Amino acid sequence: MGEPATTPARMNLSWGDVATRVNSMADMICDPQAWNNLARGHTLNTYLEIYPVPRGGIPVASMLLGVLLERNMTTRIIPSPSGKCLIVDDVVDSGDTRRRYQERYPNCPFYTVVDKPLNNITQWVVFPWEE
């Protein structure tokens, strides 16, 4: 008989986990010092555009939009990236997607809920909208 199949370890995030991480993302966006470090010269003001990386970025952008509106930021989700938008995604896995967007839109900060390489996460990440 062969070896038993192994199930890869999973990191299951709840809606609460994602909300906490999106709130932290909003804290960074609303902090002028952090913004200046990430936005490469763009000035933080009360109007922001958010571009969600298809598909995982869509629920993240929706949640972030709500949090920023609660903080009196005027913001909207846009259908394609522009020169002064935030780019959001659910997860950075290999980093290829982030790299492609940063090369094409170097002045747009890239935010993610889970950055696997940065945080040495090896598990498969499962978001609540995937279940």
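The expected span of a helix is 1.5 Å times one less than its number of residues. Helices (H or I, at least four residues) and strands (E, at least two) are DSSP runs, numbered from the N terminus. At 1.5 Å a residue, the 14 residues of helix H3 (residues 57–70) should span 20 Å, and the end C-alpha atoms of H3 are 20 Å apart, which agrees.

This is a predicted model, where local features need pLDDT of at least 70 and side-chain atom pairs count only at pLDDT 80 or more, while totals for chains, interfaces and linings use all residues. Residues are numbered from 1 along each chain as its sequence is written, and side-chain values use heavy atoms, with hydrogens and water left out.

**The chain as a whole**

- The chain holds five helices and six strands.
- Read from the N terminus, its elements run β-α-α-β-α-β-β-α-β-α-β.
- Of the 131 residues in the chain, 41% are buried. Buried means under 20% relative accessible area, exposed means over 50%, and partly exposed lies in between (1.4 Å probe, protein chains only).
- Take the contacts (heavy atoms within 4.5 Å) in the chain with a separation of 6 or more: residues 24 or more positions apart account for 69% of them.
- The accessible surface of the chain comes to about 7,900 Å², and 51% of that belongs to carbon and sulfur atoms. Such areas come from the Shrake-Rupley method with a 1.4 Å probe; for residues, only the protein chains shown count as cover.

- Which residues of H3 are buried? They are Gly57, Pro59, Val60, Ala61, Leu64, Leu65, Val67 and Leu68.
- Asparagine 72 is exposed, because its relative accessible area is 66%.
- Methionine 73 lies in the loop between H3 and strand E3 (74–77). At 9% relative accessibility, methionine 73 counts as buried.
- Methionine 73 and cysteine 30 are 43 residues apart in sequence, yet 8.9 Å apart in space, C-alpha to C-alpha.

**Salt bridges**

- A salt bridge is a side-chain nitrogen of Lys or Arg within 4 Å of a carboxyl oxygen of Asp or Glu. The count by this rule is six.
- One of them joins the side chains of arginine 71 and aspartate 27 (2.8 Å, N to O). Arginine 71 lies in the loop between H3 and E3 and aspartate 27 in helix H1 (residues 15–30), so this pair ties together parts that are 44 residues apart in sequence.
- Both partners count as partly exposed: arginine 71 at 31% relative accessibility, aspartate 27 at 42%.
- Arginine 99 forms a salt bridge with aspartate 96, with the closest N and O atoms 2.6 Å apart. Both lie in helix H4, three residues apart, about one turn of the helix.
- An α-helix has 3.6 residues a turn, so residues three or four places apart point the same way.
- Arginine 98 and aspartate 115 also meet in a salt bridge through their side chains (2.5 Å, N to O). Arginine 98 is in helix H4 and aspartate 115 in strand E5 (residues 110–115), so this pair links parts that are 17 residues apart in sequence.
- Aspartate 115 counts as buried, at 10% relative accessibility.

**Aromatic pairs**

- Rings of Phe, Tyr and Trp (its six-membered ring) pair if their centres lie within 6.5 Å; planes under 30 degrees apart count as stacked, over 60 as edge-to-face and the rest as tilted. The whole structure has five such pairs.
- Tyrosine 51 and tyrosine 101 make a tilted pair, 5.9 Å centre to centre and 45° between the planes. Tyrosine 51 is in strand E2 (residues 47–52) and tyrosine 101 in helix H4 (residues 96–104), so the pair ties together parts that are 50 residues apart in sequence.
- Tyrosine 51 and tyrosine 101 are both buried.
- Phenylalanine 127 and tryptophan 129 are stacked, with 4.9 Å centre to centre and 15° between the planes.
- Phenylalanine 127 counts as buried at 1% relative accessibility, whereas tryptophan 129 counts as partly exposed at 25%.
- Tyr51, Tyr101, Tyr105 and Phe110 form one aromatic cluster.

**Backbone details**

- Where is the cis peptide bond that has an omega of about -10°? This bond joins proline 54 and arginine 55. Arginine 55 lies in the loop between E2 and H3.
- Asparagine 120 is not a glycine, but has a positive phi of about 50°. Asparagine 120 sits in the loop between helix H5 (116–119) and strand E6 (124–126).
- At 67% relative accessibility, asparagine 120 counts as exposed.
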